[in-house]
Amino acid sequence: MTTDTLHQQKILILDYGSQYTQNIARKVRESEVYCEIHPCTWTLKQILEFKPKGIILSGGPASVLAPGAPLCDRGIFESGIPILGICYGMQLITHSLGGKVDPSAHREFGRAELMIREFSHLFDDINNKSIVWMSHGDRISKLPFGLKSTAFTTNSPIAAIEDPLRKIYALQFHPEVVHTAEGKKILENFLFKICKCLRNWKIDSLAEFSLQAIKNQVKKEKVLCGLSGGVDSSVVAVLVHKAIGDHLTCIFIDNGLLRLEERDKVEKTFRDNFHINLDVVDASEQFLNRLKGVTDPEEKRKIIGNVFIEVFEKEAKRLGEDFTFLAQGTLYPDVIESVSFKGPSAVIKSHHNVGGLPEKMHLKLLEPLRELFKDEVRALGRELGMPDEIINRQPFPGPGLAIRILGEVTKERLAILQYADQIILEEVKAAGLYTKIWQAFAVLLPVKTVGVMGDARTYENVIAIRAVNSTDGMTADWVHLPYDLLGKLSNRIINEVQGVNRVVYDISSKPPSTIEWE
Ligand code: XMP
(Lines give C-alpha, C1' and ligand atoms only; values in the text may rest on other atoms or scores of the structure.)
Protein backbone atom coordinates (compact mmCIF):
# COMPACT_ATOMS: atom_id res chain seq x y z
CA MET A 1 0.00 0.00 0.00
CA THR A 2 1.27 3.45 -0.77
CA THR A 3 1.10 6.15 1.85
CA ASP A 4 -1.44 8.09 -0.24
CA THR A 5 -4.07 5.41 0.23
CA LEU A 6 -3.90 5.50 4.03
CA HIS A 7 -6.77 7.95 4.39
CA GLN A 8 -8.67 6.93 1.30
CA GLN A 9 -11.08 4.75 3.14
CA LYS A 10 -12.77 6.59 5.98
CA ILE A 11 -15.66 6.04 8.32
CA LEU A 12 -17.49 9.17 9.38
CA ILE A 13 -18.80 9.33 12.94
CA LEU A 14 -21.40 12.04 13.41
CA ASP A 15 -21.34 13.09 17.05
CA TYR A 16 -24.66 13.64 18.83
CA GLY A 17 -22.93 14.31 22.14
CA SER A 18 -22.61 10.86 23.69
CA GLN A 19 -19.91 10.32 26.28
CA TYR A 20 -19.04 7.18 24.28
CA THR A 21 -18.43 8.82 20.88
CA GLN A 22 -14.65 8.64 21.24
CA ASN A 23 -15.00 4.95 22.16
CA ILE A 24 -16.65 4.33 18.79
CA ALA A 25 -13.72 5.96 17.02
CA ARG A 26 -11.16 4.05 19.03
CA LYS A 27 -12.90 0.73 18.37
CA VAL A 28 -13.08 1.43 14.63
CA ARG A 29 -9.39 2.28 14.54
CA GLU A 30 -8.50 -0.78 16.63
CA SER A 31 -10.06 -2.69 13.77
CA GLU A 32 -7.53 -0.92 11.51
CA VAL A 33 -10.02 1.31 9.73
CA TYR A 34 -9.48 5.07 9.74
CA CYS A 35 -12.34 7.22 11.01
CA GLU A 36 -13.03 10.79 12.05
CA ILE A 37 -15.54 12.34 14.42
CA HIS A 38 -17.43 15.41 13.21
CA PRO A 39 -20.34 17.40 14.62
CA CYS A 40 -23.86 16.22 13.88
CA THR A 41 -24.50 19.65 12.40
CA TRP A 42 -22.50 18.75 9.28
CA THR A 43 -24.47 19.41 6.09
CA LEU A 44 -25.16 16.77 3.46
CA LYS A 45 -22.63 18.53 1.22
CA GLN A 46 -19.89 18.25 3.87
CA ILE A 47 -20.76 14.61 4.42
CA LEU A 48 -20.64 13.73 0.74
CA GLU A 49 -17.39 15.64 0.22
CA PHE A 50 -15.82 13.61 3.02
CA LYS A 51 -16.51 10.48 0.91
CA PRO A 52 -17.12 8.08 3.80
CA LYS A 53 -17.27 4.30 3.28
CA GLY A 54 -19.84 4.29 6.07
CA ILE A 55 -21.51 6.65 8.53
CA ILE A 56 -22.07 6.01 12.23
CA LEU A 57 -24.62 8.16 14.06
CA SER A 58 -23.54 8.24 17.70
CA GLY A 59 -25.62 8.18 20.83
CA GLY A 60 -26.47 11.38 22.63
CA PRO A 61 -28.14 12.84 25.69
CA ALA A 62 -31.07 14.47 23.86
CA SER A 63 -34.48 13.01 23.07
CA VAL A 64 -35.59 13.13 19.43
CA LEU A 65 -38.99 14.09 20.83
CA ALA A 66 -37.67 17.30 22.42
CA PRO A 67 -38.00 20.61 20.56
CA GLY A 68 -34.66 21.58 19.00
CA ALA A 69 -33.28 18.01 19.16
CA PRO A 70 -30.28 17.56 16.85
CA LEU A 71 -31.34 15.89 13.60
CA CYS A 72 -29.63 14.97 10.33
CA ASP A 73 -30.12 15.68 6.68
CA ARG A 74 -32.45 12.97 5.38
CA GLY A 75 -30.40 12.94 2.19
CA ILE A 76 -27.92 10.63 3.88
CA PHE A 77 -30.51 7.84 3.85
CA GLU A 78 -30.79 8.10 0.07
CA SER A 79 -27.06 8.36 -0.49
CA GLY A 80 -26.38 4.61 -0.66
CA ILE A 81 -23.67 5.02 1.99
CA PRO A 82 -24.06 2.37 4.72
CA ILE A 83 -25.36 3.88 7.97
CA LEU A 84 -25.24 2.55 11.52
CA GLY A 85 -27.24 4.39 14.19
CA ILE A 86 -26.38 3.75 17.82
CA CYS A 87 -28.92 4.47 20.59
CA TYR A 88 -29.91 8.11 19.89
CA GLY A 89 -28.77 7.36 16.32
CA MET A 90 -31.39 4.59 16.13
CA GLN A 91 -34.16 6.84 17.41
CA LEU A 92 -33.09 9.51 14.98
CA ILE A 93 -33.29 7.07 12.04
CA THR A 94 -36.73 5.93 13.17
CA HIS A 95 -37.98 9.48 13.66
CA SER A 96 -36.52 10.71 10.36
CA LEU A 97 -37.94 7.82 8.30
CA GLY A 98 -41.52 8.03 9.59
CA GLY A 99 -41.50 5.59 12.51
CA LYS A 100 -42.58 6.43 16.03
CA VAL A 101 -40.47 6.98 19.11
CA ASP A 102 -42.11 7.10 22.55
CA PRO A 103 -40.80 8.06 25.92
CA SER A 104 -40.45 4.89 27.97
CA ALA A 105 -41.88 4.52 31.47
CA HIS A 106 -38.55 3.09 32.63
CA ARG A 107 -35.12 4.22 31.64
CA GLU A 108 -33.21 1.09 30.64
CA PHE A 109 -29.67 1.16 31.92
CA GLY A 110 -27.15 -1.67 32.21
CA ARG A 111 -26.67 -5.18 30.91
CA ALA A 112 -29.24 -7.06 28.83
CA GLU A 113 -29.31 -10.31 26.84
CA LEU A 114 -29.58 -9.86 23.10
CA MET A 115 -32.00 -12.23 21.38
CA ILE A 116 -31.48 -12.39 17.63
CA ARG A 117 -34.81 -12.62 15.87
CA GLU A 118 -33.83 -12.52 12.22
CA PHE A 119 -30.77 -13.07 10.10
CA SER A 120 -28.62 -9.96 9.84
CA HIS A 121 -25.08 -9.44 8.60
CA LEU A 122 -24.58 -7.24 11.66
CA PHE A 123 -25.00 -10.35 13.82
CA ASP A 124 -22.89 -12.77 11.78
CA ASP A 125 -21.13 -15.08 14.28
CA ILE A 126 -22.76 -13.32 17.23
CA ASN A 127 -24.15 -15.62 19.92
CA ASN A 128 -27.76 -15.53 20.95
CA LYS A 129 -28.12 -14.16 24.51
CA SER A 130 -24.88 -12.22 24.12
CA ILE A 131 -24.61 -9.50 26.79
CA VAL A 132 -25.15 -5.94 25.54
CA TRP A 133 -25.07 -2.56 27.31
CA MET A 134 -28.20 -0.43 27.30
CA SER A 135 -28.51 3.21 28.28
CA HIS A 136 -31.63 4.90 26.97
CA GLY A 137 -34.96 6.44 27.88
CA ASP A 138 -36.97 6.61 24.65
CA ARG A 139 -37.97 3.53 22.71
CA ILE A 140 -39.40 2.70 19.29
CA SER A 141 -43.11 1.97 19.17
CA LYS A 142 -43.60 1.84 15.38
CA LEU A 143 -41.02 0.88 12.80
CA PRO A 144 -40.48 3.16 9.82
CA PHE A 145 -41.54 1.82 6.46
CA GLY A 146 -38.99 -0.57 4.98
CA LEU A 147 -37.15 -1.33 8.21
CA LYS A 148 -37.44 -4.59 10.10
CA SER A 149 -36.58 -5.48 13.64
CA THR A 150 -33.81 -8.08 13.90
CA ALA A 151 -33.25 -8.42 17.65
CA PHE A 152 -34.82 -7.76 21.05
CA THR A 153 -34.05 -7.87 24.77
CA THR A 154 -36.35 -8.43 27.72
CA ASN A 155 -37.02 -4.71 28.12
CA SER A 156 -36.57 -3.61 24.50
CA PRO A 157 -38.88 -5.38 22.06
CA ILE A 158 -36.93 -3.61 19.29
CA ALA A 159 -33.19 -3.65 20.01
CA ALA A 160 -31.95 -3.62 16.41
CA ILE A 161 -33.45 -2.58 13.08
CA GLU A 162 -32.30 -2.60 9.49
CA ASP A 163 -33.07 -2.15 5.84
CA PRO A 164 -30.36 -4.09 4.04
CA LEU A 165 -31.45 -2.72 0.66
CA ARG A 166 -30.80 0.88 1.65
CA LYS A 167 -27.92 -0.29 3.92
CA ILE A 168 -29.47 1.33 7.00
CA TYR A 169 -28.76 -0.37 10.33
CA ALA A 170 -29.34 0.66 13.93
CA LEU A 171 -28.78 -0.65 17.44
CA GLN A 172 -30.51 0.34 20.65
CA PHE A 173 -27.50 -0.80 22.71
CA HIS A 174 -23.88 0.42 22.71
CA PRO A 175 -21.51 -1.90 20.82
CA GLU A 176 -18.59 0.47 21.57
CA VAL A 177 -18.43 -0.10 25.34
CA VAL A 178 -16.56 -2.98 26.95
CA HIS A 179 -19.68 -4.27 28.71
CA THR A 180 -21.13 -5.31 25.33
CA ALA A 181 -19.41 -8.69 25.10
CA GLU A 182 -19.34 -9.02 21.31
CA GLY A 183 -19.50 -5.29 20.51
CA LYS A 184 -16.22 -5.27 18.62
CA LYS A 185 -17.40 -8.10 16.38
CA ILE A 186 -20.72 -6.32 15.69
CA LEU A 187 -18.87 -3.13 14.72
CA GLU A 188 -16.50 -5.18 12.57
CA ASN A 189 -19.45 -6.81 10.82
CA PHE A 190 -20.64 -3.30 9.94
CA LEU A 191 -17.16 -2.24 8.78
CA PHE A 192 -16.18 -5.29 6.80
CA LYS A 193 -19.38 -7.08 5.74
CA ILE A 194 -21.58 -4.04 5.14
CA CYS A 195 -19.20 -1.15 4.34
CA LYS A 196 -16.66 -3.50 2.72
CA CYS A 197 -13.74 -1.70 4.33
CA LEU A 198 -10.19 -3.05 4.22
CA ARG A 199 -7.92 -3.20 7.23
CA ASN A 200 -5.35 -0.61 6.23
CA TRP A 201 -4.92 1.73 9.22
CA LYS A 202 -1.77 -0.01 10.41
CA ILE A 203 0.87 1.47 12.59
CA ASP A 204 3.80 0.74 10.25
CA SER A 205 2.04 2.45 7.34
CA LEU A 206 1.12 5.26 9.71
CA ALA A 207 4.77 5.82 10.67
CA GLU A 208 5.77 5.84 7.01
CA PHE A 209 2.89 8.19 6.18
CA SER A 210 3.71 10.58 9.05
CA LEU A 211 7.38 10.80 8.09
CA GLN A 212 6.50 11.65 4.52
CA ALA A 213 3.88 14.20 5.62
CA ILE A 214 6.42 15.95 7.88
CA LYS A 215 9.00 16.08 5.08
CA ASN A 216 6.41 17.52 2.70
CA GLN A 217 5.29 20.16 5.16
CA VAL A 218 8.68 21.24 6.51
CA LYS A 219 10.76 21.03 3.31
CA LYS A 220 14.12 22.67 4.11
CA GLU A 221 12.89 24.80 7.01
CA LYS A 222 13.94 24.57 10.66
CA VAL A 223 11.72 23.18 13.43
CA LEU A 224 11.69 23.90 17.14
CA CYS A 225 10.12 21.51 19.64
CA GLY A 226 9.38 21.99 23.33
CA LEU A 227 10.29 18.66 24.87
CA SER A 228 8.71 17.88 28.24
CA GLY A 229 9.74 14.26 28.59
CA GLY A 230 6.08 13.13 28.49
CA VAL A 231 4.87 10.59 25.92
CA ASP A 232 3.41 13.01 23.39
CA SER A 233 6.24 15.51 23.03
CA SER A 234 8.77 12.65 23.13
CA VAL A 235 7.11 10.83 20.24
CA VAL A 236 6.88 14.11 18.32
CA ALA A 237 10.60 14.76 18.85
CA VAL A 238 11.69 11.29 17.71
CA LEU A 239 9.29 11.26 14.75
CA VAL A 240 10.24 14.72 13.49
CA HIS A 241 13.92 13.96 14.02
CA LYS A 242 13.58 10.81 11.95
CA ALA A 243 11.96 12.85 9.18
CA ILE A 244 14.25 15.89 9.08
CA GLY A 245 17.30 15.08 11.28
CA ASP A 246 19.31 18.10 12.37
CA HIS A 247 16.73 20.56 11.10
CA LEU A 248 15.00 19.86 14.40
CA THR A 249 16.09 21.44 17.70
CA CYS A 250 14.42 20.49 20.97
CA ILE A 251 14.32 22.77 23.99
CA PHE A 252 13.92 21.16 27.39
CA ILE A 253 13.23 23.61 30.19
CA ASP A 254 14.17 22.51 33.68
CA ASN A 255 11.64 24.48 35.72
CA GLY A 256 12.86 22.99 39.00
CA LEU A 257 9.46 21.36 39.43
CA LEU A 258 10.39 18.03 37.86
CA ARG A 259 10.64 14.55 39.27
CA LEU A 260 13.89 13.32 40.76
CA GLU A 261 16.67 13.11 38.12
CA GLU A 262 14.18 13.81 35.34
CA ARG A 263 16.49 16.19 33.53
CA ASP A 264 19.38 13.67 33.44
CA LYS A 265 17.09 11.01 32.06
CA VAL A 266 15.82 13.27 29.29
CA GLU A 267 19.37 14.27 28.31
CA LYS A 268 20.50 10.68 28.22
CA THR A 269 17.56 9.43 26.16
CA PHE A 270 17.28 12.17 23.61
CA ARG A 271 20.84 13.42 23.26
CA ASP A 272 22.80 10.21 23.81
CA ASN A 273 20.40 7.59 22.43
CA PHE A 274 18.50 9.41 19.72
CA HIS A 275 21.20 11.99 18.84
CA ILE A 276 18.69 14.79 18.75
CA ASN A 277 19.84 18.43 18.95
CA LEU A 278 18.80 19.02 22.54
CA ASP A 279 19.09 22.35 24.26
CA VAL A 280 18.62 22.15 28.01
CA VAL A 281 17.83 25.33 29.93
CA ASP A 282 18.13 25.42 33.69
CA ALA A 283 15.48 27.97 34.62
CA SER A 284 14.69 26.54 38.04
CA GLU A 285 15.80 29.67 39.94
CA GLN A 286 13.61 31.86 37.75
CA PHE A 287 10.52 29.69 38.32
CA LEU A 288 11.12 29.36 42.06
CA ASN A 289 11.72 33.08 42.48
CA ARG A 290 8.47 33.93 40.76
CA LEU A 291 6.61 31.35 42.85
CA LYS A 292 7.96 32.74 46.13
CA GLY A 293 5.11 33.42 48.57
CA VAL A 294 2.43 32.23 46.12
CA THR A 295 -0.11 29.80 47.56
CA ASP A 296 -3.13 30.13 45.29
CA PRO A 297 -3.35 27.16 42.85
CA GLU A 298 -4.59 29.16 39.87
CA GLU A 299 -1.96 31.83 40.42
CA LYS A 300 0.74 29.16 40.50
CA ARG A 301 -0.46 27.74 37.20
CA LYS A 302 -0.57 31.17 35.55
CA ILE A 303 2.92 32.10 36.74
CA ILE A 304 4.38 28.80 35.57
CA GLY A 305 2.69 29.13 32.16
CA ASN A 306 3.95 32.70 31.72
CA VAL A 307 7.52 32.02 32.85
CA PHE A 308 7.61 29.01 30.53
CA ILE A 309 6.72 31.18 27.55
CA GLU A 310 9.26 33.85 28.53
CA VAL A 311 12.07 31.34 28.96
CA PHE A 312 11.21 29.45 25.80
CA GLU A 313 11.05 32.59 23.70
CA LYS A 314 14.34 33.94 25.04
CA GLU A 315 16.06 30.61 24.48
CA ALA A 316 14.81 30.33 20.91
CA LYS A 317 16.22 33.81 20.22
CA ARG A 318 19.52 32.90 21.87
CA LEU A 319 19.84 29.87 19.61
CA GLY A 320 19.91 32.39 16.79
CA GLU A 321 18.46 30.08 14.17
CA ASP A 322 15.67 30.92 11.84
CA PHE A 323 12.89 28.60 12.96
CA THR A 324 9.74 28.35 10.86
CA PHE A 325 7.80 25.66 12.74
CA LEU A 326 6.96 24.77 16.29
CA ALA A 327 6.32 21.04 16.72
CA GLN A 328 3.63 20.17 19.25
CA GLY A 329 2.14 16.95 20.57
CA THR A 330 -1.52 17.87 20.04
CA LEU A 331 -3.66 14.71 20.00
CA TYR A 332 -6.96 13.92 18.31
CA PRO A 333 -9.15 14.32 21.44
CA ASP A 334 -7.88 17.95 21.63
CA VAL A 335 -9.03 18.76 18.10
CA ILE A 336 -12.41 17.03 17.97
CA GLU A 337 -15.01 19.76 17.81
CA SER A 338 -17.16 18.90 20.76
CA VAL A 339 -20.92 19.19 20.61
CA SER A 340 -22.64 20.04 23.82
CA PHE A 341 -26.32 20.20 24.58
CA LYS A 342 -25.74 21.26 28.13
CA GLY A 343 -24.34 24.74 27.61
CA PRO A 344 -20.85 26.00 28.43
CA SER A 345 -18.98 24.31 31.26
CA ALA A 346 -17.20 26.04 34.12
CA VAL A 347 -13.40 26.30 34.21
CA ILE A 348 -12.28 23.98 36.99
CA LYS A 349 -8.55 24.39 36.45
CA SER A 350 -6.69 26.40 33.84
CA HIS A 351 -4.48 23.68 32.41
CA HIS A 352 -1.01 24.77 31.64
CA ASN A 353 -0.32 24.65 27.94
CA VAL A 354 1.92 26.44 25.51
CA GLY A 355 -0.93 27.67 23.35
CA GLY A 356 0.34 31.25 23.29
CA LEU A 357 3.76 30.38 21.92
CA PRO A 358 3.30 29.98 18.17
CA GLU A 359 1.48 33.31 17.67
CA LYS A 360 3.90 35.20 19.88
CA MET A 361 6.89 33.80 18.10
CA HIS A 362 5.33 33.91 14.62
CA LEU A 363 5.82 30.19 14.18
CA LYS A 364 3.73 27.80 12.12
CA LEU A 365 2.43 24.74 13.90
CA LEU A 366 3.62 21.25 13.10
CA GLU A 367 1.28 18.78 14.80
CA PRO A 368 2.06 15.31 13.49
CA LEU A 369 -0.08 13.51 16.11
CA ARG A 370 -3.26 15.52 15.66
CA GLU A 371 -5.13 12.63 14.07
CA LEU A 372 -4.15 10.11 16.72
CA PHE A 373 -5.48 8.78 19.98
CA LYS A 374 -3.08 8.18 22.86
CA ASP A 375 -2.90 4.42 22.32
CA GLU A 376 -1.98 5.05 18.68
CA VAL A 377 0.73 7.50 19.74
CA ARG A 378 2.16 4.80 22.02
CA ALA A 379 2.08 2.25 19.20
CA LEU A 380 3.78 4.73 16.91
CA GLY A 381 6.49 5.36 19.52
CA ARG A 382 7.11 1.62 19.79
CA GLU A 383 7.32 1.38 16.01
CA LEU A 384 9.99 4.12 16.13
CA GLY A 385 12.02 2.05 18.61
CA MET A 386 11.39 4.19 21.69
CA PRO A 387 11.91 2.53 25.09
CA ASP A 388 8.96 1.34 27.16
CA GLU A 389 10.02 3.65 29.95
CA ILE A 390 8.95 6.63 27.85
CA ILE A 391 6.08 5.02 25.98
CA ASN A 392 4.30 3.77 29.10
CA ARG A 393 4.77 6.90 31.16
CA GLN A 394 1.97 8.01 33.36
CA PRO A 395 0.76 11.57 32.69
CA PHE A 396 2.60 14.33 34.50
CA PRO A 397 1.09 17.82 34.70
CA GLY A 398 2.77 20.78 32.98
CA PRO A 399 3.08 22.78 36.26
CA GLY A 400 4.84 19.74 37.70
CA LEU A 401 5.31 19.24 41.41
CA ALA A 402 4.20 22.82 42.11
CA ILE A 403 0.55 21.71 42.10
CA ARG A 404 1.35 18.76 44.37
CA ILE A 405 2.94 20.99 47.00
CA LEU A 406 -0.03 22.60 48.68
CA GLY A 407 0.84 26.09 49.76
CA GLU A 408 4.15 27.74 48.98
CA VAL A 409 6.71 25.99 46.78
CA THR A 410 10.21 26.05 48.29
CA LYS A 411 13.41 24.14 47.54
CA GLU A 412 13.15 22.20 50.80
CA ARG A 413 9.56 21.18 50.17
CA LEU A 414 10.41 20.22 46.58
CA ALA A 415 13.19 17.94 47.81
CA ILE A 416 10.82 16.22 50.26
CA LEU A 417 8.20 15.64 47.57
CA GLN A 418 10.73 14.44 44.99
CA TYR A 419 11.98 11.71 47.34
CA ALA A 420 8.51 10.60 48.39
CA ASP A 421 7.41 10.58 44.75
CA GLN A 422 10.42 8.51 43.74
CA ILE A 423 9.62 5.90 46.40
CA ILE A 424 6.05 5.61 45.16
CA LEU A 425 7.25 5.17 41.59
CA GLU A 426 9.78 2.50 42.54
CA GLU A 427 7.36 0.49 44.64
CA VAL A 428 4.42 0.73 42.28
CA LYS A 429 6.71 -0.46 39.47
CA ALA A 430 8.11 -3.27 41.64
CA ALA A 431 4.54 -4.41 42.38
CA GLY A 432 3.90 -4.62 38.62
CA LEU A 433 1.17 -1.99 38.84
CA TYR A 434 2.74 1.00 37.09
CA THR A 435 1.25 0.35 33.66
CA LYS A 436 -2.07 -0.77 35.13
CA ILE A 437 -2.68 2.54 36.93
CA TRP A 438 -3.42 5.87 35.26
CA GLN A 439 -1.41 7.85 37.84
CA ALA A 440 0.21 7.20 41.22
CA PHE A 441 2.01 10.02 43.01
CA ALA A 442 2.72 11.86 46.24
CA VAL A 443 1.25 15.13 47.49
CA LEU A 444 2.88 17.26 50.18
CA LEU A 445 0.31 18.75 52.54
CA PRO A 446 0.63 22.18 54.15
CA VAL A 447 0.18 20.86 57.67
CA LYS A 448 2.54 19.49 60.26
CA THR A 449 1.59 16.78 62.72
CA VAL A 450 3.06 15.42 65.91
CA GLY A 451 4.89 12.10 65.90
CA VAL A 452 7.39 10.18 67.93
CA MET A 453 10.74 8.82 66.73
CA GLY A 454 12.83 6.90 69.21
CA ASP A 455 11.96 8.70 72.40
CA ALA A 456 11.71 12.12 70.85
CA ARG A 457 8.72 14.14 69.80
CA THR A 458 8.64 15.14 66.12
CA TYR A 459 6.59 17.81 64.44
CA GLU A 460 6.81 17.21 60.71
CA ASN A 461 5.11 17.05 57.30
CA VAL A 462 2.36 14.80 55.96
CA ILE A 463 2.53 13.05 52.58
CA ALA A 464 -0.66 11.93 50.85
CA ILE A 465 -0.54 9.04 48.38
CA ARG A 466 -2.81 9.42 45.36
CA ALA A 467 -3.47 6.54 42.93
CA VAL A 468 -6.25 6.71 40.35
CA ASN A 469 -7.55 4.85 37.36
CA SER A 470 -9.03 6.67 34.42
CA THR A 471 -9.35 6.40 30.66
CA ASP A 472 -9.03 10.07 29.78
CA GLY A 473 -8.48 12.03 32.99
CA MET A 474 -12.03 13.41 32.84
CA THR A 475 -13.35 11.00 35.46
CA ALA A 476 -11.30 8.81 37.77
CA ASP A 477 -11.66 6.18 40.48
CA TRP A 478 -9.26 5.83 43.36
CA VAL A 479 -7.29 2.61 43.10
CA HIS A 480 -7.52 -0.05 45.81
CA LEU A 481 -3.76 -0.48 46.20
CA PRO A 482 -2.93 -3.68 48.14
CA TYR A 483 -2.46 -3.12 51.88
CA ASP A 484 1.05 -4.58 51.86
CA LEU A 485 2.07 -2.12 49.15
CA LEU A 486 0.54 0.77 51.12
CA GLY A 487 2.40 -0.46 54.19
CA LYS A 488 5.68 -0.56 52.30
CA LEU A 489 5.14 2.93 50.92
CA SER A 490 4.35 4.34 54.35
CA ASN A 491 7.38 2.65 55.96
CA ARG A 492 9.79 3.73 53.29
CA ILE A 493 8.55 7.31 53.07
CA ILE A 494 8.60 7.87 56.85
CA ASN A 495 11.97 6.17 57.29
CA GLU A 496 13.77 7.51 54.25
CA VAL A 497 12.37 10.99 53.66
CA GLN A 498 13.61 13.45 56.20
CA GLY A 499 10.91 15.82 57.35
CA VAL A 500 7.95 13.41 57.00
CA ASN A 501 6.34 11.64 59.97
CA ARG A 502 2.92 10.71 58.60
CA VAL A 503 1.48 9.20 55.39
CA VAL A 504 -2.21 9.21 54.43
CA TYR A 505 -4.09 7.64 51.50
CA ASP A 506 -6.45 9.65 49.32
CA ILE A 507 -9.66 7.66 48.72
CA SER A 508 -11.59 10.21 46.65
CA SER A 509 -12.82 9.76 43.10
CA LYS A 510 -13.31 12.35 40.37
CA PRO A 511 -15.87 13.83 40.46
CA PRO A 512 -16.37 15.31 42.99
CA SER A 513 -12.61 15.52 43.68
CA THR A 514 -10.05 16.13 40.94
CA ILE A 515 -6.98 13.99 40.30
CA GLU A 516 -4.42 16.63 41.28
CA TRP A 517 -4.98 18.36 44.61
CA GLU A 518 -4.57 21.84 43.13
P1 XMP B 1 -7.41 17.03 37.26
O2 XMP B 1 -6.58 17.42 38.45
O3 XMP B 1 -7.95 18.19 36.50
O4 XMP B 1 -6.41 16.29 36.29
O5 XMP B 1 -8.46 16.03 37.63
C6 XMP B 1 -6.79 15.57 35.14
C7 XMP B 1 -5.53 15.11 34.42
O8 XMP B 1 -4.83 16.25 33.91
C9 XMP B 1 -3.54 16.36 34.48
N10 XMP B 1 -3.34 17.79 34.76
C11 XMP B 1 -2.61 18.61 33.99
N12 XMP B 1 -1.89 18.37 32.89
N13 XMP B 1 -1.27 20.63 32.81
C14 XMP B 1 -1.20 19.39 32.31
O15 XMP B 1 -0.51 19.19 31.32
C16 XMP B 1 -1.99 20.94 33.92
O17 XMP B 1 -2.03 22.10 34.34
C18 XMP B 1 -2.68 19.88 34.54
N19 XMP B 1 -3.48 19.80 35.63
C20 XMP B 1 -3.88 18.51 35.74
C21 XMP B 1 -3.57 15.51 35.74
O22 XMP B 1 -2.26 15.05 36.08
C23 XMP B 1 -4.52 14.41 35.34
O24 XMP B 1 -3.87 13.42 34.56
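## Close-up views of a predicted model

**View 1. An open sheet of parallel strands.** Five strands, written here as 5 strands in the order β12-β11-β10-β13-β14, make up an open sheet with parallel pairing. Strands (E, at least two residues) and helices (H or I, at least four residues) are DSSP runs numbered from the N terminus, and two strands pair if DSSP finds at least two bridges between them. The edges are held by β12 (277-282) and β14 (364-366), each with a single partner strand, so one side of each is left without a neighbour in the sheet. On average, neighbouring strands of this sheet are turned by 30 degrees against each other, direction ignored; the axes are lines fitted to C-alpha atoms, for helices over the stretch in contact, and angles run from 0 to 180 degrees between N-to-C directions.

The structure is a predicted model, in which local features need pLDDT of at least 70 and side-chain atom pairs count only at pLDDT 80 or more, while totals for chains, interfaces and linings use all residues. Residues are numbered from 1 along each chain as its sequence is written, and side-chain values use heavy atoms, with hydrogens and water left out.

**View 2. The pairing of β10 with β13.** Strand β10 (residues 222-226) is joined in the parallel sense to strand β13 (residues 323-327) over 4 bridges.

**View 3. The hairpin of β15 and β16.** Strands β15 (residues 439-453) and β16 (residues 456-469) run antiparallel and are joined by 12 bridges. They form a hairpin with 2 residues between them, and Gly 454 in the turn has a positive phi of about 65 degrees. Gln 439 has Val 468 in β16 opposite it.

View 4. The ligand has 15 residues around it, of which Arg 301, Lys 349, Lys 510, Ile 515 and Glu 516 come nearest; a residue is near if one of its heavy atoms lies within 4 Å. The shell divides into 5 nonpolar, 6 polar and 4 charged residues, where Ala, Val, Leu, Ile, Met, Phe, Trp, Tyr, Cys and Pro count as nonpolar, Asp, Glu, Lys and Arg as charged, and the others, Gly among them, as polar. Domain 2 (203-391) and domain 3 (410-505) both give residues to this shell, so the ligand lies between them; the bounds come from an automatic or database domain assignment.

View 5. A polar side-chain atom of Arg 301 lies 2.5 Å from an oxygen atom of the ligand. For Gln 439, a polar side-chain atom lies 2.8 Å from a ligand oxygen atom, and for Ile 515 a backbone N or O atom lies 2.8 Å from an oxygen atom of the ligand.

View 6. The peptide bond from Lys 510 to Pro 511 is cis, with omega near -15 degrees. Another cis bond joins Pro 511 and Pro 512, with omega about 10 degrees. Pro 511 is placed in the segment after β18 (500-505).

Technical notes
A polar contact is a pair of N or O atoms within 3.5 Å; within protein, one must be able to donate a hydrogen and the other to accept it, and residues adjacent in sequence count only if both atoms are side-chain atoms.
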